[in-house]
Every structure is written in structure tokens, then in C-alpha cells.
Amino acid sequence: MANMTTLEELRGKNVFIAGSEKNAGKTTFLNYALHLLYGESHGGHAVAGIMSIGIDGEETDGIFGNPKPRVTVEKDSLFICTESALACGSLEYEIINVYPFSTAIGRPVLARALRRGEIEISGPENNSQLAMLIADMRTAGAETVFIDGAADRLTHSGTADQSVLAYVARVAPDNFSSAVERIKIISAASECPLYLPESMEDDGPDSTRIVRIEGALTETKAGKITAASTHPAAAPVSTKPVLVADSPASVFLSWLSWRRLASAFSIHFLHKNTSTVLIINLYNIDKADFEKKFTSAGNCRVLYNPYIS
Amino acid sequence: MEKARVFSEFETFYALYKPLTIYGRAEKEKRRFFTDKSGLENELDFIDAVKSLVAVKAVKDKLRHHLRNIPLIKADNPIESSAAELFLVRKFLMNVKAIFEILPESTRNIFGAVWGSSALLALLDKGGRGEAFFIADCYSERLADKRREILAADIKLKKLKEKRLREISSRYGFDFSDRDFLIILDKNFAAFGEQHDLYAEPHDFGRLMVKPVYGNEYLSLAAERERLRAEEAVLEKKVVDQLIYAVNADRENLRLYIEAVRRIDTAVEKARLAIDMDMTRPEINDAMPEISETGDTGCTIELKNARFIPLEKALQKTELKYMPFSASFAGRINILHGSNMGGKTVALKTFVFFQLIVQSGFYVPAEYCRVSLFNEICFIGGDGAASAGGLSSFGIEMNDFIKACGKLEKGPTLFIMDEFARTTNSEEGTALLSAILGWLSQRSGAFVFLATHLAGLEAPENSSWFCMKGFDRTAFGTYFEEHSSADLEEKLRRINRFMCYEMLPVSSESESRDAVKIAGILGVDKEIINHAGKIIAARKK
């Protein structure tokens with residue numbers, strides 16, 4: 001029931017599903033959420049909109065090892081796919097829009113399922129296209145829009161939209177430490193504020209104390225700016241210089257480096273989701289052991305092993 | 001031409017021109033420059049044809065809605081066979097038809113908007129629901145039959161699945177109604193012994209991933225369903241091929257609609273700008289002005305209360321009021337003389353701006369505008385930088401001039417010269433400019449508009465001299481006598497209020513000298529001003 005309560009909170013929002021790694025189980029979670037929220041016995045008259053971001057090269061489903069994950073789409077649901085995928089899907093459809101831009105795998109099509117079936121979904125390649133597709137899905141009646149993201153290309157929504165990051169993590173003995181560190185950073189980053197230049201001018205530090213990091217926030221970049229910082233780590237947050245990074249997903253640091261950086265700077269993000277749900281799939285790891293390492297989820301909701309009965 | 005566009009800040013205006021269709025936007029990017037009168041009049045006629053319609057908000061909104069909804073189709077080659085293309089063609093036709101219906105017959109004729117695709121649209125409408133398109137059962141009885149078989153299979157599969165899940169639930173207590181698989185403890189699964197209706201595989205240590213086994217009947221039916229779907233796909237493809245065949249048979253009409261839409265879209269947008277910016281239709285001369293001595297040839301270039309949009313927009317953001325510009329040119333060699341701050345450069349910019357706006361096929365932001373058409377507009381002047389690409393400002397000017405002279409062979413050329421040779425010494429600059437003006441006056445294809453403050457120009461006899469009406473000096477002086485504490489910034493800010501951007505014809509250069517007066521008004525010591533006046537008077541003697 002706790003799972004259902006958490007999933008219900010996704011309703012009406014733009015849900016960005018990202019994974020800790022390839023085969024983390026993003027599409028499995030998408031199908032799970034779709035089934036529970038919009039399945040035949042749960043959906044009522046509301047419909048979901050479904051798309052995928054990027055091509056991450058996955059050829060098999062991490063849970064079942066099935067060929068290329070496909071999404072089961074209920075009747076009346078909206079989805080984005082390519083023209084060629086339409087012909088290969090098992091559903092009947094009506095086309096609502098065909099977009100004038102082309103992605104690496106073809107021209108995106110917005111369609112509605114006239115019969116339940118499976119389809120290979122796809123989507124936009126950049127944020128302006130993403131905004132257009134989401135808006136069109138909403139206009140066409142989508143209550144919740146699910147965006148199945150690629151592992152290393154987490155995409156964000158605009159600040160105006162209510163958006164949720166659903167971060168799917170596979171935690172196993174072979175990646176225990178690194179997965180926990182990544183989850184801790186996602187959790188800590190979700191607490192960092194959105195960068196709003198106008199509020200900085202009014203209350204915050206002057207522009208000379210704002211450090212802008214474009215692209216990935218890597219160990220090398222973090223090392224350079226931390227070394228250059230003369231700010232005492234124990235100083236109050238309000239007096240710290242501001243570090244502006246792209247988004248929580250652009251952070252590729254160890255937990256230690258993140259903490260050093262967070263001590264020296266008040267970290268802000270240009271883009272971030274309004275809330276975060278962590279979907280933790282534990283393999284051969286006890287929840288208690290995991291929680292010894294991951295002690296605080298902050299504002300994040302956590303779903304442990306949602307598929308376990 | 002590019003330098004003239006930059007100099008006149010033409011892009012500030014062009015950016016406001018936003019056609020709504022992909023065809024209109026492509027037309028915009030072509031940056032057509034009309035050099036023939038009939039072509040330009042034709043373009044202006046298009047604007048005339050829709051201007052009264054666009055003036056009615058409800059009609060304008062409808063037109064813009066349908067234009068915005070027109071998708072890109074490519075009718076130059078046969079359209080590819082796909083459901084997506086059918087969607088696009090239908091959406092295209094629906095909106096084209098709606099646009100044509102909004103236009104009166106006489107307007108449709110002007111744009112070549114002749115509707116002839118009712119049969120095709122009716123055929124595609126069978127698969128239409130609003131703007132959406134689907135491959136409807138009504139296109140093929142066999143397709144409809146196949147879909148009925150699939151539906152029956154789906155219902156049967158669902159029943160078999162539900163029956164099996166109920167059995168599993170009652171036998172083992174496992175609820176698969178919400179998911180395709182469960183992760184359960186080994187020991188819980190082992191407690192049931194051998195099972196034939198569950199499939200299990202290791203998930204991790206101590207847990208199994210368990211899926212229901214639906215049985216042979218279910219699997220056979222699922223395979224049958226897959227076969228039916230494959231047959232359905234073949235039938236759908238046949239329908240799509242047939243519909244695309246009908247579309248391609250009507251391709252010539254589609255091509256004509258694209259042309260009409262392009263014309264309508266650009267005309268509607270130009271009409272919108274004309275209304276929003278209070279623009280009027282320009283009048284076009286048959287030829288260039290002659291040398292002024294020949295009298296009124298009917299080819300005068302004239303601007304009355306012309307608004308230089310970039311400056312007007314810039315001033316809107318301040319408290320300063322924009323003063324429109326008026327001028328009239330009866331001859332080919334026109335020299336605007338006067339001191340700095342008189343508005344000479346703005347006058348030149350306004351002139352070029354209007355020439356570009358007219359020859360780009362727009363209405364103009366003026367009470368009255370009459371222009372001649374040029375093959376080329378050449379701006380000759382430095383860019384303010386000390387050097388560019390190794391050339392000094394002087395070098396750039398000479399290079400521009402040589403290039404512009406080359407254009408003369410191809411047809412009427414407009415020479416725009418702003419403070420030509422300003423970076424060299426005044427003696428040589430004056431001599432060079434005098435010689436250039438003499439040379440150009442003998443080339444019938446050259447129209448020159450020059451702004452300069454160089455004194456002692458020996459211009460051709462048939463040159464026309466102008467000065468900017470400039471300040472209302474009396475009112476300006478009175479104002480600042482009463483506000484003597486105003487600082488320079490305030491004075492400069494207020495200057496515009498007392499500026500009249502009107503070009504006045506004068507008989508010679510000397511009438512336009514006012515730099516010393518302006519310096520005095522701006523607050524330079526009276527002793528200096530008086531001394532300067534005496535020096536000028538002595539030189540005249």
C-alpha cells in the first residue's frame with residue numbers, strides 16, 4: 001500500500017524515469033507504474049502519456065533479459081514513437097501529430113492507442129522538443145506524462161511544470177558502494193535549490209561570487225574550483241559563494257568530493273525536478289545493510305524492491 | 001547589400017515579420033529584393049487583397065489559426081507511403097480548405113487559391129477524427145474482419161488469463177493482477193512443491209522471480225493473435241498504399257496549394273504588420289530621378305513623416321518621443337551637410353531602411369512614400385573600428401566604393417555614403433569626395449545620398465544640397481536658460497525633444513553650418529563661441 005501511495009503522487013505530473021546504469025530496470029518500473037495507475041482496473045477515464053528520451057543502446061531488459069524493452073500501452077493512452085515503430089507495434093492507433101523535426105531514429109509521431117498493445121516508444125532529442133511533446137500530450141488529454149530516460153542523459157522539465165524524478169537504482173554486491181554513493185548524491189542534490197538569478201540579485205551573493213559549471217560536474221572540475229575556494233567550510237550557507245551546475249544528473253562525483261564541494265559552495269542547479277522518488281532494487285543485499293550506508297533520503301520518497309511480494 | 005542592411009538596422013524590422021507556415025518562413029529566408037516594378041506591385045497587391053480581412057480580429061485569428069496548423073508536405077516528388085504522410089496530407093488539406101473558405105472569391109483568385117480536392121479529402125476523412133487520422137475499418141472489409149478476429153482473440157486471451165490468475169491466487173495466494181511477475185522468497189515457493197502453473201528463476205540469493213504460466217491454450221491463442229496482427233499489418237499497408245496512390249494522383253493540386261499558402265501566409269503577415277504599425281502602401285517610380293535641372297520628371301523620391309522603426313522602438317523604451325522624418329529628392333546627387341548631432345546619420349539610415357523595406361515587398365511606416373527601384377544598395381563607410389582584416393577604415397571605404405562602382409554596370413545603384421573619407425585629412429578627403437561626386441554625376445545609373453561635414457566640397461552643379469532642420473534652437477536655448485543646472489546627460493536626453501528630422505533644401509554648403517551654435521547651446525563658454533564665430537567670419541572675407 002505504501003507503494004501505491006507513492007505511485008499515486010506521480011499522478012498528474014511529468015515523471016522522468018532515470019536509471020543508475022544500463023539495465024537498471026527503468027522500463028520495468030515504467031510498465032509497473034503504468035499498470036498500477038492506468039491499467040484496465042485502475043485507470044478509469046484518465047490516460048497516460050508515454051515517451052522515451054534518447055537511445056541508450058539497451059538491447060535487453062535488465063529484469064527479464066527480453067529483447068529491446070517495449071511498453072504495454074492501454075487503450076486510449078498517448079505515446080510517442082517513430083513511423084516505423086507504428087507499423088511494428090501490436091496495437092491499433094490513431095495519429096494525433098507528426099513532428100517536423102527528425103531524430104536519429106526517425107520522425108516522432110504522437111499517437112493514441114485504439115487497442116491495448118505493445119509499442120517501442122521514442123521521443124525528443126532536446127529540451128525544446130520535449131516541452132513541445134509534453135504540451136501536446138497534455139492538450140490531447142494525458143493526465144500523467146511518463147518520460148523513460150536514458151541512463152546517462154537525465155532530462156529535466158521546466159521550472160513551471162510539476163515534475164518528478166523517478167530514479168531507478170540496481171544495488172548489488174558488485175556495485176554496492178558506487179550505487180549507494182550515486183543514490184546519496186541524487187538525494188543530496190534534490191535538496192539543492194533551483195538557480196534563480198533574480199533572487200540572487202536581491203538577497204544572495206554578488207555575481208562575482210557565482211561559479212557557473214557548464215556540462216558535467218566532474219572530479220577534475222570540482223577539484224579545481226574547490227582548491228581555488230578560500231571560503232571557510234564551517235561558514236553559514238548564506239555567506240558561501242554559489243556554484244551553479246546544470247542539473248543533479250550532471251554531477252559525476254564521489255560522495256567525498258560532493259561533500260567537499262557542498263562545504264565550500266552553496267550548490268544550485270539550473271534545472272531540477274520538483275520532487276524525487278528513489279526506486280531501489282536490492283539484489284543480494286539486505287535492506288538493513290543498505291540503510292546502514294544510506295542513512296537519510298532527505299525529501300526523497302523511497303520505494304524498496306517494489307516488485308517483491 | 002549586407003552592409004546596407006546592417007547600417008539601416010533593417011533586421012530589427014525583419015525580425016518582426018513572422019510568417020506562420022513553414023512555406024512562408026522559407027520565403028522569408030529567401031530575402032527577396034524586388035527590382036522590377038510589376039513584381040513589387042504584385043506583391044503589394046497581395047497585401048492589399050487581405051488587409052481589410054486581417055483588420056477584422058475574428059477573421060485574422062481564424063486565418064492565423066489555420067495557417068499555423070498547416071504542416072510540411074513535400075509535393076515536388078511522389079509522397080512516400082506511410083500513415084504519417086496520410087495524416088499530414090489530410091491535416092494540410094483541412095486547413096487549406098478552411099483558409100480558402102475564409103477568403104472571398106475575388107481574393108482567392110488573386111492568390112490562385114482554387115480548391116479542387118474535395119474527393120481526396122472526403123476519402124481521407126473516412127479515417128479522420130478531428131485532426132487525428134487512423135486507418136479505419138471502412139477502408140477495407142478484410143481489414144475490418146481481421147480486427148474483429150483480433151478483438152475476439154483479445155477477449156478470449158483476457159478471459160483465459162483471468163481464469164488462470166484466479167486459480168493461482170486461490171491455490172498459492174499469489175496476486176498477479178497488478179504485475180507480470182513477483183519476487184518471492186525461495187522457501188515460500190518451495191512450500192508448494194512441484195508447480196505446473198508457475199515459472200520460477202533465481203532473482204538473487206534466497207529469492208525467486210515468479211511468473212504465471214498460462215497454459216497451452218493461452219499460448220496457442222497468443223500465437224494465433226500474433227499471426228492475426230501480422231495479417232492486419234499487411235492489410236493496413238495495402239490501405240495506406242491505396243490512399244497514398246490517391247494522394248499522389250492529386251499532387252499537382254497539392255503543389256498549387258503550397259504556392260497559394262505561401263503567398264497567403266506572407267501577405268497576411270505583411271498585412272498584420274501594416275495594420276499594427278500603421279503602414280501605408282508605397283508608390284513606385286517608373287525610373288530613377290533625373291538631374292534636378294530637368295525639372296519634375298515624376299520620379300521624385302519622397303518620404304513624409306517616415307518612421308525609422310528601430311529608433312522608434314528604442315525610444316519607446318525611454319521617455320523620449322520619436323520624431324518622424326521627411327525628405328524629398330528630385331535629383332541623383334544629394335548631399336546632406338551639417339554638423340554632428342544634427343541627425344544626418346539617422347536621415348541616411350531612414351532612407352536606406354525605407355528603400356529596403358519597399359524593395360522587400362512591405363508596406364511602409366510613413367504617411368507617404370514614393371521610391372525608385374535600385375538593383376543594388378551599396379553602403380560605403382567604415383564600421384567605426386580602426387581596422388578590419390588589415391584594412392583601415394579608409395581602405396574599407398575605398399574597397400566598398402570600387403565594388404559599388406562595379407554594380408553600376410548591372411543597373412541603377414544606390415550609393416549611400418556616411419561621412420566618406422572622414423578618417424583622412426580634410427583637404428585630401430574633400431578633394432577625393434568632390435572628384436567622386438563629379439564622376440558619379442556622369443553615370444546615369446547612380447543615385448547618391450551622401451552625408452558629410454567636410455567643408456569646401458566642389459560638388460557637381462546639378463547636386464542637391466540639404467541640411468537637417470535640426471534643433472529649434474530658440475526653444476532649446478530658452479528651455480536651458482530656465483534649466484541651467486541641467487547636466488550634459490540631461491541636455492543630450494532633452495535634445496531629441498527639440499529636434500526636427502526634416503531635410504531642408506539649401507542652396508549651398510555654407511547655409512548648413514551650425515556646429516558652433518550647437519556647442520554654445522550645450523554650454524561651451526560664450527567667449528569661445530564668440531571667438532569661433534569671428535574666425536569663421538574672417539575666413540569668409
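Before you start clicking: two strands count as paired if DSSP finds at least two bridges between them. Keep in mind, too, that this is a predicted model.

**Stop one: a paired strand in chain B.** Select β11(B), residues 376-380, together with β14(B), residues 413-418. The two run in the parallel sense and are joined over five bridges.

Now colour β11(B) by burial. Five of its five residues are buried, so the strand is largely enclosed by the rest of the structure.

**Stop two: a glycine in chain A.** Jump to G149(A), in the loop that links β8 (142-148) to β9 (163-171) of chain A. Is G149(A) buried or exposed? It's buried, because 27 other C-beta atoms lie within 10 Å and the cut-off for buried is 20 or more.

**Stop three: where the chains meet.** Show the contact between chains A and B, with 23 residues from chain A and 24 from chain B. On the chain B side, the elements giving two or more residues are α6 (83-102), β2 (132-133), β3 (182-185) and α11 (216-249). Highlight α6(B), which gives the most, with four residues. Finally, colour that chain B side by residue class: you'll get 17 nonpolar, one polar and six charged.

How values were computed: Residues numbered from 1 in each chain as written. Chains lettered and ligands numbered in written order. Predicted model: local features only at pLDDT ≥ 70, side-chain atom pairs only at ≥ 80, totals over all residues. Contact = placed C-beta atoms within 7 Å. Nonpolar A, V, L, I, M, F, W, Y, C, P; charged D, E, K, R; others polar. Buried ≥ 20, exposed ≤ 12 C-beta atoms within 10 Å, placed from the backbone.
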